[in-house]
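Student: Could you take me through one part of this model in detail? I would like to look at the place where the two chains meet, and then at what holds each chain together.

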Amino acid sequence: MSRVPGVSGVPALPAVPALEFSGLVKRFGGQTAVDHVDLVVPPGSFFGLVGPNGAGKTTSLSMATGLLRPDAGAVRIFGHDVWADPVAAKELVGVLPDGMALPDRLTGREVLTYLGLLRGMAREVVEQRAAELLAVLELDAAESTAIVDYSTGMRKKITLATALLHGPRLLVLDEPFEAIDPVSAATIRTILQRFVRGGGSVVFSSHVMALVEQLCDHVAVIARGRVEAAGALDDVRGEHPTLDEAFVHIVGARAGGAEGLSWLAS
Amino acid sequence: MVGVLIGMRALILRKNAQGKRIWGTLALLVVVLALAGSTFAAGLAHYAQPGAGADVLATLSFGWLLGWVAGPVMTGDDATLRLDYFKLLPIPPRKLAHAMLGANFANVSLVFSFLAFAGMIAYGARSGAQAALVGVVAVLLNLVLAVVASTVAVGVLGPTISSRRGRDFSSVLVALVITLLSLASAVVPFLARKLTDGSSPVLAGVVRGLPSGWGADAVQSAADGHTATALLPLAGLVALIAALVLVWPPLLARRLTLSGRGSSRRTSRQKAYVAVGARRLLPSTPLGAVIGKELRMYSRSVLRSVQLMIALLVGVLTSVIVALSGSTSGLPFGGLLFTVIAAACFTNLYGDDGSALWLTLTTPHAERADVTGRQWAWFLVAGPPGLLLTVLLTAAGGQNWAWPWALSGEAAVALGGTGLTVLVSVLSMQPLSADGGPTPGRQVKAHLMLVAVPVLCCLPPLALLLPGALTGTTWLEWTAVPVALAWGALLCRLGNRTATRRLTARGPELFALVRRPAS
């Protein structure tokens, strides 16, 4: 298992993968959204999942977090099968799904308190962590605002707070940086980097190659429901100067836009 | 451009109608046709008091025009020609305004409204050709007013409706209309009697003084031979229509330049929620957390609080209005009616919360706490007020025979409803529409539950109450109360166990039903 590059002093972790997909399959009607996906996320890694729209990223991550039942295959979080041993798996993971609702008439602090208590945490611990999370994510100014009145970026941040609250060992984040302003994105980036430095593991999906390149030590490229490439960032990038170019090459896509439209701005 | 818009609307309607809701549409057609037919019949009926017919027709016209104005507001916006489609097109607002107004005349509802308003022609024809002719003009003006007022109403209310907070306003409006419709069975006979026996000149003055009554007023004047007086209300209608047509383009321009979320209003509407000490009453456990969250949702979510308001208004007002017209035997059941409606309205708890279910599914061991917490919260919200209403209204009506009936019914529905609300919520999840409003499917379910909940809850106590009442055995009637408590408690427990088991076993499949809004 590879270690986080550039970070020393990370305690030796057991070699059990933080997240492991084996032979994962999901079909919707006649369409195969996820087609025998095998993937290993080493513990302590910052793992980027990239792929074109509709490649199966969200479907894969939903199956990893217990929100979508696979048709075949298994998902394990630190060795615990998400579908056979859900409680143990759910204890270890924090989830940020893309575009899902929250109890939106509650304030940020109320949602965090609700979730902490729902997880059986002590009230004092919940209150102290909620206060810290709200402050770090700069949501404490909106103390008395219900989530229904939050901006998209604020929603993303409060959902991230719900994922962090119970101190998980693995974070599964679906498009955490989408529709987020640069300042908030920098905040989230710093928090995630601290989390990985502290021994945590992060899996996140994204369209933005530059971001993945900057943050991740591991990356997997998913297209048409299959893993086209996976491994350490340098290995996946290969001889291409950027991940962007490697991605286009791996996916076999052809950047369109050159034909037709002769009337446009002529 | 009118032609383009009409073609676009027809295409969207055809696409929407493909393969679904055919029975719902047919049912709606039958209901509207029956309403239009009965309105028309009001023009043919015989009235003992002079002018009473015009009062009745004026009242019915008010109902129809209200439907025209409230209809599009209730459905959230014009579902076919959304104003937002035209925001970016370089069309002058005045041209667009007139085109939209023209397109709105291509509406099949006009046929039904014509039938309904034609009651005025029939009413006038009984007094001669001249009054009938005035009736024809009045009908045409009423139809034009209906289309113009409806178009302008969407323009005025549109921006708030498409904002998240603005829908709250729309929900309140929907609630008021539903309440009025529910009360109609009690109110309409009451009003009809007042109007036909001519005992309330104030009421008659009000219904004829409103623009919806001007047409009927003109017909009555013509029937009485005052042709000149008949022209005045008709001229009033023309003036009103002209005024609405004039204000429509600037209103549309304002609407098109407002942001979709109505941001200028949003800040002033934002409510500040401050942590209250009362939450300390709840235990710091998973169950306490869910109860606290649910109670906050009941008090802050407009969808929820409005449903509670409907239940309260319909429950209390129905029994009180019936009591005012002389029969107090309904009073003891006002509380029961409130609890039944409150139960039926909240049989879609998970569907209404939509994709927020992911929080429960990703939290270990959360299912039982979630189900039980929702049960407690509903019981706290519906049980004590229902019992209080039952006791107060029964005592106020002096209906001592009704005590075992009212108390056992209330106990059975309050406890049984605690089981059934959450059970039905898990068994059938109907997500809200994309704009956060209830879908027809959800409303059908709530209406079915309006019947199913009291039947399921009240059968065992009724099995004792009926023979008790028929044989005059008081003690038998009173045994219905403990039986109702026991049966309700059983339903409560069964609902809890079944719902928890299903949520635990089928969580992801249920989540798939609500992860996206209904289309």
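Tutor: Here is a walk from the contact between the chains to some details inside each one.

Keep in mind that this is a predicted model.

Start with who takes part. Chain A brings 39 residues to the contact, and chain B brings 42 residues. How much area is buried between chain A and chain B? The figure is about 3700 Å². Carbon and sulfur atoms give 57% of that area. On the side of chain A, Leu67(A), Arg105(A) and Leu118(A) lose the most area to chain B. Together these three make up 20% of what that side buries.

Now the polar side of the contact. Between chain A and chain B there are 10 residue pairs in polar contact, with both residues at pLDDT 80 or more. The count of salt bridges between the two chains is 3. In a salt bridge between Arg296(B) and Glu110(A), the closest N and O atoms are 3.3 Å apart.

Which helices of chain A each supply at least two residues to the side that touches chain B? They are H1 (57-64), H2 (86-92), H3 (108-118), H4 (123-136) and H5 (152-164). The largest share, 5 residues, comes from H3(A). By type, the residues on this side of chain A divide into 18 nonpolar, 10 polar and 11 charged.

Over all chains, the whole structure has 21 of them. One joins the side chains of Arg76(A) and Glu20(A), at 3.5 Å from N to O. This pair links distant parts of the chain. Arg76(A) sits in strand E4 (residues 72-77) of chain A, and Glu20(A) sits in strand E1 (residues 19-28) of chain A, 56 residues apart. Arg76(A) has 25%, so it counts as partly exposed. Glu20(A) has 22%, so it is partly exposed too.

Arg208(B) forms a salt bridge with Asp55(B), with the closest N and O atoms 2.6 Å apart. Arg208(B) lies in helix H9 (residues 201-209) of chain B, and Asp55(B) lies in helix H3 (residues 52-74) of chain B. They are 153 residues apart, in distant parts of the chain. Both Arg208(B) and Asp55(B) are buried.

Asp352(B) and Arg442(B) are the other pair, meeting at 2.8 Å from N to O. Here the link runs from helix H16 (residues 349-353) of chain B to helix H20 (residues 440-471) of chain B, across 90 residues. Asp352(B) and Arg442(B) are buried.

Chain B also holds a network of salt bridges. Its members are Lys293(B), Glu294(B), Arg304(B), Asp353(B), Asp370(B) and Arg374(B).

Finish with a helix back in chain A. In H9(A) (residues 243-251), the buried residues are Leu243(A), Ala246(A), Phe247(A) and Val251(A). Why do they line one face of the helix? Seen down the axis of H9(A), they fall within an arc of 120°, so they share one face. What covers them includes strand E3 (46-50), helix H7 (209-215), strand E9 (218-223) and helix H8 (233-237) of chain A. After H9(A) comes Gly252(A), whose phi is positive, near 70°.

Note on methods. Residues are numbered from 1 along each chain as its sequence is written. Chains are lettered from A and ligands numbered from 1 in the order in which they are written. Side-chain values use heavy atoms; hydrogens and water are left out. Buried means under 20% relative accessible area, exposed over 50%, partly exposed in between (1.4 Å probe, protein chains only). Helices (H or I, at least four residues) and strands (E, at least two) are DSSP runs, numbered from the N terminus. The arc is that of the directions from the helix axis to the C-beta atoms. Contact means heavy atoms within 4.5 Å. A salt bridge is a side-chain nitrogen of Lys or Arg within 4 Å of a carboxyl oxygen of Asp or Glu. Buried area is the accessible area (1.4 Å probe) that two parts lose on being put together, summed over both. A polar contact is a pair of N or O atoms within 3.5 Å; within protein, one must be able to donate a hydrogen and the other to accept it, and residues adjacent in sequence count only if both atoms are side-chain atoms. Ala, Val, Leu, Ile, Met, Phe, Trp, Tyr, Cys and Pro count as nonpolar, Asp, Glu, Lys and Arg as charged, and the others, Gly among them, as polar.
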